[in-house]
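Visitor: I am new to this and would like to learn how to read a structure. Could you walk me through it, one feature at a time?

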Amino acid sequence: ELSKKSWIVVCVPSVAEEDDRRLNRERGRLINERIQHVTRIKGLLAIHGIYDYQPLRRDRMLRLERLRTAADGQKLPPRLKAEILRELQRLELILGMIKTIEAERDAIASPKTEVEHTNAKKIQDLAKIKSIGPEFATTLIGEVLYRSFDNRKQLASYVGLTPAHFQS
């Protein structure tokens, strides 16, 4: 016997729609990676009592040279400093990638540029609303509004505001 739970309608996005989502999803992964590198650097420095170093500041390399341990005021041990430098190099690479992706996303959201994107017009229209920026407009169009909803309950259920049918 089949129950209603075994039948679920799946809205499969087209190849172009799936490709358009890549930009936003890659940015999310890079942001997570940036957080990991910043946390790792701060953790390495915390071992030596240094808590005020900010790896995302523009003068991060110069400030690293000036750091002294909290206990005895000595320079950082050479291997620790080398490891932090490698982490900072990775961080620089990720920051550059994020900047590139955000520039491409902003170009899609800008009505002044012609970009190959299946939902560019929708993103541009949504970004015109005062409280919606290019990041949220791209996410909303790519992850939610690519499909059609029959009623408001389906939309609310999809975004997690209300339970779906047969959920308690």
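**A guided reading**

Guide: Touching, or contact, means heavy atoms within 4.5 Å. This is a predicted model, where local features need pLDDT of at least 70 and side-chain atom pairs count only at pLDDT 80 or more, while totals for chains, interfaces and linings use all residues. Residues are numbered from 1 along each chain as its sequence is written, and side-chain values use heavy atoms, with hydrogens and water left out.

Visitor: Where is the place of Arg34?

Guide: Arg34 is in helix H1. Helices (H or I, at least four residues) and strands (E, at least two) are DSSP runs, numbered from the N terminus. With a relative accessibility of 23%, Arg34 counts as partly exposed. Here buried means under 20% relative accessible area, exposed over 50%, and partly exposed in between (1.4 Å probe, protein chains only). For a sense of distance, Arg34 and Asp150 are 116 residues apart in sequence and 39 Å apart in space, C-alpha to C-alpha.

Visitor: Is His37 buried or exposed?

Guide: His37 counts as buried, at 10% relative accessibility. His37 also belongs to helix H1. Setting aside neighbours within four places in sequence, His37 is in contact with Glu87, Arg90, Leu91 and Ile94.

Visitor: How do I read a nonpolar core?

Guide: The general idea is that in soluble globular proteins, nonpolar side chains tend to be buried together. A core here is a set of buried Ala, Val, Leu, Ile, Met, Phe, Trp, Tyr and Cys residues joined through side-chain atoms within 4.5 Å. In this structure the largest one has 16 residues, and those touching the most other members are Leu30, Ile98, Ile108, Ile123, Leu126 and Ala137. Helix H1 (15-46), helix H3 (78-109), helix H4 (120-127) and helix H5 (134-143) are the elements giving two or more residues to this core. The most come from H3, which gives five residues.

Visitor: Which residues does Leu126 touch, not counting residues up to four places away in sequence?

Guide: Leu126 touches Ile132, Ala137, Leu140 and Ile141. There is also a second, separate core of 13 residues, including Leu44, Leu45, Leu64 and Leu76.

Visitor: Which are the buried residues of H5?

Guide: They are Ala137, Thr138, Leu140, Ile141 and Gly142. The buried residues of H5 pack against H1, H3 and H4.

Visitor: How many salt bridges does the structure hold?

Guide: Side chains of opposite charge can pair when their charged atoms come close. A salt bridge is a side-chain nitrogen of Lys or Arg within 4 Å of a carboxyl oxygen of Asp or Glu, and this structure holds 14 of them. One joins Arg27 and Glu135, with the closest N and O atoms 3.5 Å apart. That pair links distant parts of the chain, since Arg27 is in helix H1 and Glu135 is in helix H5, 108 residues apart. Arg27 is buried at 18% relative accessibility, whereas Glu135 is partly exposed at 23%.

Visitor: Which parts hold Glu92 and Arg60?

Guide: Glu92 lies in helix H3 and Arg60 in helix H2 (residues 60-66), so their pair ties together parts that are 32 residues apart in sequence. The closest N and O atoms of this salt bridge are 2.7 Å apart. Arg60 is buried at 8% relative accessibility, and Glu92 is partly exposed at 35%.

Visitor: Which residues do salt bridges that share partners join into one network?

Guide: That network is made of Arg27, Glu102, Arg105, Asp106 and Glu135. Arg105 is in helix H3 and counts as buried, at 10% relative accessibility. Apart from neighbours within four places in sequence, Arg105 is in contact with Leu23, Arg27, Pro134, Glu135 and Thr138.

Visitor: How many residues apart are Asp125 and Lys121 in helix H4?

Guide: They are four residues apart, a separation of about one helical turn. Asp125 and Lys121 form a salt bridge, their closest N and O atoms being 3.1 Å apart. Asp125 is partly exposed, with a relative accessible area of 34%, while Lys121 is exposed at 53%.
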